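I went through this model element by element and kept short notes. The entries below follow the order in which I looked things up.

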Amino acid sequence: MTTGTTYAIRAEALVKRFKETPALAGVDLAARPGTVLGLLGPNGAGKTTAVRVFATLLRPDAGRAEVAGHDVVREPGRVRAMIGLTGQYAAVDEQLTGSENLLLIGRLLGMARADARARARELLERFHLDDAAGRAAKTYSGGMRRRLDLAASLVGRPRVLFLDEPTTGLDPHSRGELWDMLRGLVAEGVTALLTTQYLNEADQLADDIVVIDRGKVIAEGTPDQLKSQAGGQVLQLRPVHRADLATAHALITEAAGPQARIEGDGITAPVNDPALMPSVVRRLDQASIAVGELSLRRSSLDEVFLALTGHRTGPGGDPDGQDPGGPGPGGRGPDGGGPS
Ligand SMILES: Nc1ncnc2c1ncn2[C@@H]1O[C@H](COP(=O)(O)OP(=O)(O)OP(=O)(O)O)[C@@H](O)[C@H]1O
Ligand SMILES: [Mg+2]
């Protein structure tokens, strides 16, 4: 790729096998300093494996991985000194209090007792845990544990953060808080690699996104690039009268094809040709269907993901028999240089 740029996070042709399973089958990715790279993919895609290689917890079989210019295999100590890691499962010590957890990590990082204490206090405040600081972590709610976990990963003031599904299981409010915290860190110059099953999370936070599936990069770009790459637009129609829904559905199917679906009191249909709109309007008019809402919007990241991997991601998402063809692969090209 570009020469002369020091990426905060970089992988080249990264390979990691578990016996027969190629968890990473030649992954290239890069994050510029002070940005968030979203790493997306369905269950088992290789996201956690990639994070563990970067965090020096796993040795790659081939290829290279670097953090702030340091090779994870040759200079694991330098890498560890730069990074913070929040794993997929909160890793706080249940028996210790919030305060003791952070203090312990500070001491393990070699901080003087007073410094470790001050840092713990600062982080507990920042993550709104000061009231619960003296309670054992086992009494914390899931959201509080996640916040403590993130605080723990920040004790050593890391320049590069690896966040493996940091908001899984959080309610929307706590998730929003965690997003704000991450935005604040990035504004201070921290670089983050974020894996997530929530596509709107990647949309909100990531400057760039890499989508992997079965250990291979299948798409990359900014959230906007991915949305326009993977497939046109979505037509949304809501008739004023619910009784018109079936007729309207038949008309849209005629105009836009069999992927038109009734959802709630409206109809959605993927559309690759914007010139379709006038004919839809004409048909509705001819059938005397009063229209409450008719719009053309861009595909959501969710729809892009479905088109790319052939299955939905996330809790509640099920890889049912949905047509994986979707709007077609458009301009995706893992080796084609892609957008840069
Ligand atoms: N320690 C291990 N031993 C054997 N196989 C493993 C190990 N860790 C991961 N794998 C396999 O490697 C593949 C990638 O797993 P990984 O945990 O990286 O996926 P993931 O993208 O993080 O998935 P999820 O979204 O479910 O967290 C899977 O097929 C998994 O079963
Ligand atoms: Mg994982």
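**Entry 1: strand 8 and its partners**

I began with strand 3 and strand 8, which run parallel and are joined by four bridges. Strands and helices here are DSSP runs numbered from the N terminus, E of at least two residues for strands and H or I of at least four for helices. Two strands count as paired if DSSP finds at least two bridges between them. Opposite Val36 I found Ala192 of strand 8. Strand 7 also runs parallel to strand 8, with five bridges joining them. There, Leu163 stands opposite Leu194 of strand 8.

I noted the conventions before going on. This is a predicted model, in which local features need pLDDT of at least 70 and side-chain atom pairs count only at pLDDT 80 or more, while totals for chains, interfaces and linings use all residues. Residues are numbered from 1 along each chain as its sequence is written, chains are lettered from A and ligands numbered from 1 in the order in which they are written, and side-chain values use heavy atoms, with hydrogens and water left out.

Is strand 8 buried or exposed? Five of the five residues of strand 8 (191–195) are buried, so the strand is largely enclosed by the rest of the structure. Buried means under 20% relative accessible area, exposed over 50% and partly exposed in between, with a 1.4 Å probe and protein chains only. In a regular strand the side chains alternate between the two faces of the sheet. I listed Thr191, Leu193 and Thr195 on one side of strand 8 and Ala192 and Leu194 on the other, and all are buried.

I then traced the open sheet of six strands, which has the order 6-7-8-3-9-10 and mixed pairing. Strand 6 (83–86) and strand 10 (216–221) are at the edges with a single partner strand each, so one side of each has no neighbour in the sheet. On average, neighbouring strands of this sheet are turned by 15 degrees against each other, direction ignored. Axes are lines fitted to C-alpha atoms, for helices over the stretch in contact, and angles run from 0 to 180 degrees between N-to-C directions.

Strand 3 (36–40) pairs with strand 9 (208–213) in the parallel sense over four bridges. Leu39 has Val210 of strand 9 as its bridge partner.

**Entry 2: helices on the sheet**

I found helix 5 (142–154) lying across strand 6 and strand 7 (160–164), at about 165 degrees to strand 6. Helix 11 (301–309) lies across strand 3, strand 9 and strand 10, at about 35 degrees to strand 9.

**Entry 3: helix pairs**

Helix 3 (98–108) packs on helix 5 at an angle of about 20 degrees, with the axes 9 Å apart. That makes helix 3 roughly parallel to helix 5; the term covers angles under 35 degrees, with over 145 roughly antiparallel, 65 to 115 roughly perpendicular and the rest oblique. Gly98, Asn101, Leu102 and Ile105 of helix 3 meet Leu148, Ala151 and Ala152 of helix 5, contact being heavy atoms within 4.5 Å.

Helix 9 (245–256) and helix 10 (276–286) pack at about 150 degrees, with their axes 10 Å apart. Helix 9 is therefore roughly antiparallel to helix 10.

**Entry 4: totals**
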